[in-house]
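Welcome! Please take a moment to look over the sequence and the 3D view before reading on.

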Amino acid sequence: MKITSATLRQVDIPLRHAFETSFTRMTAKKTMILELTDDAGTKGYGEVSAFDIPFYNEEFRAGAWELLINIMLPMILNVDMAHPDEMYSLVAGIRQNNMSKSAINCALWDIFAKEANISLATALGGNKKKVETGVSIGIQATPQALVQVVSGC
């Protein structure tokens, strides 16, 4: 596959309830969606899940935007790749920033699976019928509110 275009979008998804931790309060999930298009016209999507400030790791949304637009995406455009993981050698000179790298890799895997006409799970070697997940509920105002939220999970 050869990526011929990339579009990066900032998306703010309102939360039904504010999510509060010891260091922030969020009322929206702020994220970025990366759309890659290859020379066959197939589109693939990936997400940059960096927060507005770098409290979780070194990445933050504005920095990831600049890194992707000005450095990383130009490194992968118009390069023939037989497999999605080949992108890692193209961006090997960039340390860390794994959320940004992951967005590219996920979009490439999406294209790869679509062009092979298989599910993404199959392309990645998955065989589970259910995916285990966790939950994070944030700080609640009172112990009673915490119990109420937990009982709804």
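Here is a short tour, from the overall build to a few single residues.

This is a predicted model, in which local features need pLDDT of at least 70 and side-chain atom pairs count only at pLDDT 80 or more, while totals for chains, interfaces and linings use all residues. Residues are numbered from 1 along each chain as its sequence is written, and side-chain values use heavy atoms, leaving out hydrogens and water.

**Overall build**

- The protein has five helices and three strands; helices are DSSP runs of H or I with at least four residues, strands are runs of E with at least two, and both are numbered from the N terminus.
- Along the sequence, these elements come in the pattern β-β-β-α-α-α-α-α.
- The C-alpha trace spans about 55 × 35 × 25 Å along its principal axes.
- Of the 153 residues, 30% are buried; buried means under 20% relative accessible area, exposed means over 50%, and partly exposed lies in between, using a 1.4 Å probe and protein chains only.
- Among contacts with a separation of 6 or more, 58% are between residues 24 or more positions apart, where contact means heavy atoms within 4.5 Å.

**Where α1 meets α3**

- Helix α1 (residues 61-76) packs against helix α3 (residues 98-116) at an angle of about 45 degrees, and their axes are 10 Å apart. Axes here are lines fitted to C-alpha atoms, for helices over the stretch in contact, and angles run from 0 to 180 degrees between N-to-C directions.
- That angle is why α1 and α3 are described as oblique to each other: under 35 degrees counts as roughly parallel, over 145 as roughly antiparallel, 65 to 115 as roughly perpendicular, and the rest as oblique.
- On the α1 side, the residues involved are A64, L67, L68, M72, L73 and I76, and they meet S100, K101 and I104 in α3.
- The residues of this contact divide into seven nonpolar, one polar and one charged. Ala, Val, Leu, Ile, Met, Phe, Trp, Tyr, Cys and Pro count as nonpolar, Asp, Glu, Lys and Arg as charged, and the others, Gly among them, as polar.

**S5, in a strand**

- S5 lies in strand β1 (residues 3-20) and is partly exposed, with a relative accessible area of 31%.
- Setting aside neighbours within four places in sequence, S5 is in contact with E35, L36, T37 and L77.
- S5 and I76 are 71 residues apart along the chain, and their C-alpha atoms are separated by 9.7 Å.

**T122, in a helix**

- T122 is found in helix α4 (residues 120-123), and its relative accessible area of 47% makes T122 partly exposed.
- The side chains of T122 and S119 make a polar contact at 2.8 Å. A polar contact is a pair of N or O atoms within 3.5 Å; within protein, one must be able to donate a hydrogen and the other to accept it, and residues adjacent in sequence count only if both atoms are side-chain atoms.

**Two loop residues with positive phi**

- Most residues other than glycine have a negative phi.
- N78 is not a glycine, yet has a positive phi of about 60 degrees. N78 sits in the loop between α1 and α2 (87-90) and is exposed, at 51% relative accessible area.
- N117, also a residue other than glycine, has a positive phi near 60 degrees. N117 is in the loop between α3 and α4, and counts as exposed at 69% relative accessibility.
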